[in-house]
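I opened the notebook to look up the fold, the surface and one residue in the chain. Entries follow in the order I made them.

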Amino acid sequence: EDLLGFEGRTDVEWKKLGAVVKIETGRLNANEAVEGGKYMFFTTAAEPSRIDKYRWDTEALLIAGNANVGAVQYYKGKFEAYQRTYVITEVTEELDIKFLYYVLRNSLVSHLSNKSKKAAMTYIVLGDLQNFTLPLPPLPVQHQIVEILDSFTELIAELTAEIELRQK
């Protein structure tokens, strides 16, 4: 389901993800995490771990390549990544990374469900990510969408916290 409303639109340019970003993977094993480490360590778990070294110092999207297949996280700063975590950086000037975050959160899992490999564990291959097609409306439109979705995300977090407090 296309919650952003671009599906089927011909007045918006569409590009493959691999043409507008750099996609890499981490190199470390998950057991290299350090309790209380100084930097974020993204694995395929829902919550990041910690580690005392970093490979990247940038704004990035992190995608679980197995376990929580297709789960997307946004992070800005110093971090490291597990070998099965895809790291998206170097976003072209025509794309707002937060817009990409929302597009991927909205559409990636359904895209991958048709393409993922089934073995003992489901996983993503690089080509599936590179060939993911996304809409590229003008940057001002992307910024507006990000602003609206960030506001909703913040409101949801506030309401969730309020519900938890009331339940206590």
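I began with burial: 39% of the 168 residues in the protein chain are buried, where buried means under 20% relative accessible area, exposed over 50% and partly exposed in between (1.4 Å probe, protein chains only). I noted that this is a predicted model, where local features need pLDDT of at least 70, side-chain atom pairs count only at pLDDT 80 or more, and totals for chains, interfaces and linings use all residues. Residues are numbered from 1 along each chain as its sequence is written, and side-chain values use heavy atoms, with hydrogens and water left out.

Next, the fold. I found four helices and eight strands in the protein chain. Helices (H or I, at least four residues) and strands (E, at least two) are DSSP runs, numbered from the N terminus. From that end I read the order β-α-β-β-β-β-β-β-α-α-β-α.

Then I looked up dimensions. The C-alpha trace spans about 50 × 45 × 30 Å along its principal axes.

I checked contacts (heavy atoms within 4.5 Å). Of those with a separation of 6 or more, 66% join residues 24 or more positions apart.

For the surface, I used Shrake-Rupley areas with a 1.4 Å probe; for residues, only the protein chains shown count as cover. The accessible surface is about 9,800 Å², and carbon and sulfur atoms hold 50% of that.

Last, I picked Gly-8. I located Gly-8 in the segment before strand S1 (13-16). Gly-8 counts as exposed because its relative accessibility is 63%. From Gly-8 to Ile-23 I count 15 residues in sequence and 26 Å in space, C-alpha to C-alpha.
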